[in-house]
Amino acid sequence: MIVNCMVYRPGQTGQELEIDKISDVLTEPGAFIWLGLYQPEADFMHRIQQEFGLHDLAVEDALCAHQRPKIEQYGESMFIVVKTVSAENQHLRFGETHFFVGKNFLISLRHGASDSYTPVRERIAQNSQMLGHGPGYPLYCILDFVVDRYAEFTATLGDNISELEAALFRSEFDNTAVKKVYRLRRELLSLKNAAQPLEEICQQLIRLHEDIVPKELRAYLRDVQDHARHVVTDAEDMREMLTSAMHVNLAMVAVQQNEVTKKLAGWGAILVIPTIIFSMYGMNFKSMPELDSPFGYPLALGVTFVACFGLWRRLRKSGWL
């Protein structure tokens with residue numbers, strides 16, 4: 001359940017901290033704690049609630065893995081939910097990260113599909129001078145990491161869309177390609193729904209929570225907000241491209257089917273001529289044209305051939321054959 005528990009003091013890169021010593025560190029001026037958890041059990045989470053003074057409603061939401069992205073204020077602490085994304089068997093899998101943020105602590109709680117935040121801890125260690133801004137800096141680093149993952153998968157889906165477009169811009173119906181288009185459109189919609197609320201979360205952090213996000217960090221959060229907006233725009237554009245490509249494919253298939261129908265109708269019209277003539281001469285009547293003439297049979301064949309050839313030429317000139 002415990003991924004890491006670190007204490008950051010001014011001028012230091014961070015030290016590991018035992019859970020039992022959290023209360024002592026919370027009273028230190030200038031120090032803050034980053035506690036990373038992964039799908040904790042309820043009993044352990046209630047213990048953490050008592051250590052940090054977390055609100056009951058926030059803890060209840062954190063124990064449930066199906067929350068919408070949001071930011072809420074509970075007394076002197078905030079509760080934030082963001083969607084995370086990772087790849088599994090060439091498919092996108094979505095999880096959640098819940099944050100409890102106070103003046104001297106940051107608790108990150110992961111549910112479901114989510115990449116490790118080890119790169120974030122390494123980034124923080126390389127920029128220890130920024131730790132003087134408190135828990136707002138690691139919070140920014142995590143949000144930036146999450147949005148960067150959005151952008152990476154958006155770029156990957158863009159490459160897949162280019163391949164699908166080549167498959168769809170044909171006059172043949174490709175059932176596999178259509179299924180891929182539907183799956184990609186669902187993944188893009190989920191990606192958009194994950195990134196869009198992050199814009200509002202960053203906006204609220206910048207405007208309303210100066211105690212957590214000082215002025216020096218606002219430009220960084222605006223950068224995260226801008227990246228999230230780009231992800232939303234790219235996802236919408238790619239969904240529109242997929243929809244247009246699918247409509248083009250269906251139109252091309254319909255045109256091809258119309259061409260086949262026209263050819264079948266043209267050849268059917270040609271075959272009507274010999275069918276009518278031969279069926280008439282197959283009837284048991286005495287008074288038939290040229291029935292007793294030695295030239296009757298060749299003449300009937302000749303008339304049939306000329307009529308069929310004339311109709312074939314006319315249909316071919318009109319584009320039916």
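A pocket is instead an open set with protein on both sides within 12 Å along at least five of seven lines, and lining residues have an atom within 4 Å of a point. Grid points are joined across faces, edges and corners, and a volume is the space filled by probe spheres set on the points.

I noted that this is a predicted model, in which local features need pLDDT of at least 70 and side-chain atom pairs count only at pLDDT 80 or more, while totals for chains, interfaces and linings use all residues. Residues are numbered from 1 along each chain as its sequence is written, and side-chain values use heavy atoms, with hydrogens and water left out.

**Cavities**

I searched the whole structure and found two cavities of 30 Å³ or more. The largest cavity holds about 60 Å³, and I listed its lining as Thr-84, Val-85, Ser-114, Asp-115, Tyr-117, Phe-145, Val-146 and Arg-149. For naming elements I took helices (H or I, at least four residues) and strands (E, at least two) as DSSP runs, numbered from the N terminus. Which element gives the largest share of this lining? Helix H5 does, with three residues.

For classes, I counted Ala, Val, Leu, Ile, Met, Phe, Trp, Tyr, Cys and Pro as nonpolar, Asp, Glu, Lys and Arg as charged, and the others, Gly among them, as polar. The lining of the largest cavity then has four nonpolar, two polar and two charged residues.

The second largest cavity has a volume of about 50 Å³, and its lining includes Val-3, Trp-34, Leu-37 and Tyr-117. Strands S1 (2-8), S3 (32-38) and S7 (105-112) each give two or more residues to this lining, and S3 supplies the largest share, three residues.

I then turned to the largest pocket, whose volume is about 360 Å³. It is lined by 18 residues, and Gln-90, Asn-160, Lys-180, Arg-183 and Leu-184 lie nearest its centre. Strand S6 (91-102), helix H5 (136-168) and helix H6 (175-208) are the elements that give two or more residues to this lining. By class, I recorded seven nonpolar, six polar and five charged residues there.

The second largest pocket holds about 160 Å³, and among its 16 lining residues Gly-30, Ala-31, Phe-32, Lys-103 and Gly-134 lie nearest its centre. Its lining divides into eight nonpolar, five polar and three charged residues.

**A hairpin**

Two strands pair if DSSP finds at least two bridges between them, and I found five bridges joining strand S4 (residues 70-74) to strand S5 (residues 77-88), which run antiparallel. Gln-73 has Met-78 in S5 as its bridge partner. Two residues lie between the strands of this hairpin, where Gly-75 takes a positive phi near 65°.

**Cysteines and one distance**

How many disulfides does the whole structure have? I found zero, a disulfide being a pair of cysteine sulfur atoms within 2.5 Å. The sulfur of Cys-5 is 18 Å from the closest cysteine sulfur, in Cys-141, and therefore too far for a bond.

For accessibility I used a 1.4 Å probe and protein chains only, with buried meaning under 20% relative accessible area, exposed over 50%, and partly exposed in between. Cys-5 counts as buried because its relative accessibility is 7%, and Cys-308 is also buried, at 14%.

Last, I looked at Thr-156, which lies in helix H5 and is partly exposed at 41% relative accessibility. Its C-alpha atom is separated by 61 Å from that of Ala-307, 151 residues apart along the chain.

Definitions and conventions
On a 1 Å grid over the protein atoms alone, a cavity is a set of points where a 1.4 Å probe fits but cannot get out, and a pocket is an open set with protein on both sides within 12 Å along at least five of seven lines; lining residues have an atom within 4 Å of a point.
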